[in-house]
Amino acid sequence: MSMDALLRSEEMTLCQMFLQSEAAYACVSELGEIGLVQFRDLNPDVNAFQRKFVNEIRRCEEMERKLRFLEKEINKDGIPMLNTGDNPEAPAPREMIDLEATYEKLENEMKEVNSNSEALKRNFLELTELKHILRKTQTFFEEAHHHQQALHDPSIAEERVGLLGEDPVSRSGQQKLGFVAGVILRERIPSFEVMLWRVCRGNVFLRQADIEAPLEDPITGDSVHKSVFIIFFQGEQLKSRIKKICEGYRATLYPCPETQAERREMAIGVMTRIEDLNTVLGQTQDHRHRVLVAAAKNIKVWSIKVRKIKAIYHTLNMFNLDVTQKCLIAECWCPVADLDRIQQALRSGTERSGSSVPSIINRMQTRMVPPTYNRCNKFTQGFQNIVDAYGVACYREVNPAPFTCITFPFLFAVMFGDMGHGLIMFLFALFLVLKEKQLQAKKIQNEIFSTFFGGRYIILLMGAFSVYTGLIYNDVFSKSLNLFGCQWVIPSSTYNLEALAADKIIVKPNGTFTGTSYPIGVDP
Amino acid sequence: MMPEISFNIDHGYLEGLLRGFKSGILKQADYLNLIQCETLDDLKLHLQSTDYGNFLANEPSPLTVSVIDDKLREKLVIEVEHMRNHALEPLSTFLDYIKYSYMIDNVILLITGTLHGRPIHELLPKCHPLGTFDQLAAINLANTSIMLYNAVLVDTPLAPYIKDCISAEDLDEMNVEIIRNTLYKSYLEDFYNFCKKQGGATADVMCEALAFDADRRAFIITINSFGTELSKEDRMKLYPRCGNLYPTGLKMLGECDDYDQVKAVADYYPQYKELFENSGSNPGDKTLEDKFFEHEVKLMKKAFMQQFQFGVFYAYIRLKEQENRNILWIGECVAQRHRAKIDSYIPIF
């Protein structure tokens, strides 16, 4: 029987299951754990959103969304998620409500913490920007003062006399420049300057200085580079225009006091507020960290549970509801050899759900072609995959996979044929095989590595066979080994220096070949 | 001869990518499933099995049509931006031309919003992401169109288009529409000339598409101008001249006073005669706009028949827009439980 199983695909039978509605969930869960049945879809022409358990699937998707959100937050903080590799069972439907409540609570807490810290960060950003403004504007005001002095200078005021005909002295009282100070993203400054120049027709005076340290944007969390700017202008109309432009370029304006003393006072006040905010921010971050660490312990387990629940409901959607008898009818393909295990699974599922009526499974005769099921272990699985890539065999057809276990590596070795490289392949695959358990637990996502890891047994055999053919081809790292000595002898009498100087030399086997063959391999 | 050989060197990847996107456009079977949805969640469930995938997956539970609208738009913007970032000349200029039409829409949106007194930070999120540029936010400063040009648009690619409509009048409702149409007319004619210069299959496909767009605008401007203060001379100035109607049809349209005269003008052109024939405002008829959309979809589908030309990019964006309009129409009908006209979408494939 087992010999036959290796040569052909398993004998399958179509079964019909009658499951009590309460027991159905638990039975499907048990069947899912053993993984030996393939259910047929009994409602093929029903739309996805008209099926029976569509609401439960929606709830599962909501839960998955919340878990994804939590995972994203955990990754953002760089907290490692505990991955014990154990396989929790799908929870019962009533536990689903508890899980939902837990996730809801966690999500709300995270959202609250996030919005609080966003508000705090925004505050912090404003204060930091204000601090930088107060520092940098010192130089600006000095320059503006000089500019103002220059305006008072009668030599320049003369130009205005010609245009306006007013007394330059009386006009100097009105030369007081208004100003706005603010902070803007560094990338926007050139465009901002041009816009200011155009709109105000060159009547404003812009000074800017970079803020060296990058600031953190409260919403996205990126660090951005900003610059302090200060605009001097005259007149109310220009002021409103400047304000509109600043709003358009998303520059934040700050009230900046004019005198030096006031600025120093404000700077001190700002520093103390920044200190306070820092402590509050620190505490908020700590709280958030604690919540996330607590969640990180369970999140992998929860994800698996939710996925299992969803899979169970997808499967239940394929069943036919027999309303009169309050039971679900399912059709599935299963291997004849495993019928006992399936019945056991059904029994334990019925027990677990506490239902009194046992679930029934009975075989059906059918003309449909059963699916092909090849039972594989971890060694033959790789070869089976290669064979299936060319085409899955028909039901009960001879399975080429057992033969390919030997022929595939042998043919590879015939083409490869290098002892040295073959040895390296063999040792690499041996490492993968010996460290199998650890590497599998790591669940490495890298596609190339997982290709090699999945084919470790194939590579092992390929390496071993390559060593053998390398010996026959006498090839080690593309060089030859002289194991048995050379069977060709060159007598110096016939092949002396003069003969060797000729254009073409033919080595006559008569005088040179000793006549015996090599035990194995090719001439070195 | 030459374009076929050298097209793929620069643009092969993007055309291949684009045809992949095109095969993900919803088919008739998808629409049939969508109109059977009872709630917006059903809509989301069905869209998951299409090329849209899980684009709504992270939206919290009660879905609204505006959320779907945002996400649909975001998906299209990501695709177009990706293609634009990887494009070389002349495809990059071509894609920029497509973006200018969105810029014009954004500019007009902001001006109208400012006229109604809305603050700028409320209007900026409503702008289409494909049409943003730095100076956009400063639009609210412009009171007259001269200011609009001098201050805001002069450094943007839209500068040459506004030259035709500069005046010192203050911007108000009427002028804004005139500005929109004049901007669009200059843009369309410029785009048409660009495509014609490209020559080959691009010119074939695009010039036909842009000619239809120009004619459609001419008809719509004429019909909408009945009963307003727009004089006939002003109206003539708004017609784009790159369509099939130029020059005689436009002159005739300029003389029209009511809908029947417009229909008479359309009768001279076989493709437009058919569109006006079966449309009307009775219930059960398709409206004229719908017939125009249908004709556009037909033209855009034809664009994919030719290879090695840029028209496919334009066609994809237009078809995607139509698909988004369809999904939103169905979404609205579902959300408001008013299923009477739910199948008034325009089927694409």
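This is a predicted model: local features need pLDDT of at least 70, side-chain atom pairs count only at pLDDT 80 or more; totals for chains, interfaces and linings use all residues.

Biologist: Are the rings of Phe21(B) and Tyr316(B) stacked or edge-to-face, and at what angle are their planes?

Modeller: A pair of aromatic rings is described by the distance of the centres and the angle of the planes. The structure holds 37 aromatic pairs over all chains. In the pair of Phe21(B) and Tyr316(B), the centres are 5.8 Å apart, and the pair is stacked because the planes are at 25°.

Biologist: How many residues apart in sequence are the parts that this pair ties together?

Modeller: Phe21(B) and Tyr316(B) are both buried. Phe21(B) belongs to helix 1 of chain B, while Tyr316(B) belongs to helix 16 of chain B, so the parts they tie together are separated in sequence by 295 residues.

Biologist: Which residue forms a salt bridge with Arg352(A)?

Modeller: Side chains of opposite charge can pair when their charged atoms come close. Arg352(A), which is partly exposed at 41% relative accessibility, lies in helix 10 of chain A, and its partner lies in the loop between helix 3 and helix 4 of chain A. With the closest N and O atoms 3.3 Å apart, the partner of Arg352(A) is Glu89(A).

Biologist: How many disulfides does the structure hold over all chains?

Modeller: A disulfide needs two cysteine sulfur atoms within 2.5 Å. The sulfur of Cys27(A) is too far for a bond, because the closest cysteine sulfur, in Cys327(A), is 12 Å away. Likewise, the sulfur of Cys242(B) is too far for a bond, with the closest cysteine sulfur, in Cys207(B), at 8.5 Å. Over all chains, the number of disulfides is zero.

Biologist: Does Ile505(A) count as buried or partly exposed, and what is its relative accessibility?

Modeller: Ile505(A) is found in the loop between helix 17 and helix 18 of chain A, and it is one of the residues forming a nonpolar patch on the surface. Since buried means under 20% relative accessible area, Ile505(A) counts as partly exposed, with a relative accessibility of 37%.

Notes
Residues are numbered from 1 along each chain as its sequence is written. Chains are lettered from A and ligands numbered from 1 in the order in which they are written. Side-chain values use heavy atoms; hydrogens and water are left out. Patches are made of residues with over 30% relative accessible area and no salt bridge: like charges are joined within 9 Å, nonpolar side chains (Val, Leu, Ile, Met, Phe, Trp, Tyr) within 5 Å. Accessible areas come from the Shrake-Rupley method with a 1.4 Å probe; for residues, only the protein chains shown count as cover. A salt bridge is a side-chain nitrogen of Lys or Arg within 4 Å of a carboxyl oxygen of Asp or Glu. Helices (H or I, at least four residues) and strands (E, at least two) are DSSP runs, numbered from the N terminus. Buried means under 20% relative accessible area, exposed over 50%, partly exposed in between (1.4 Å probe, protein chains only). Rings of Phe, Tyr and Trp (its six-membered ring) pair if their centres lie within 6.5 Å; planes under 30 degrees apart count as stacked, over 60 as edge-to-face and the rest as tilted.
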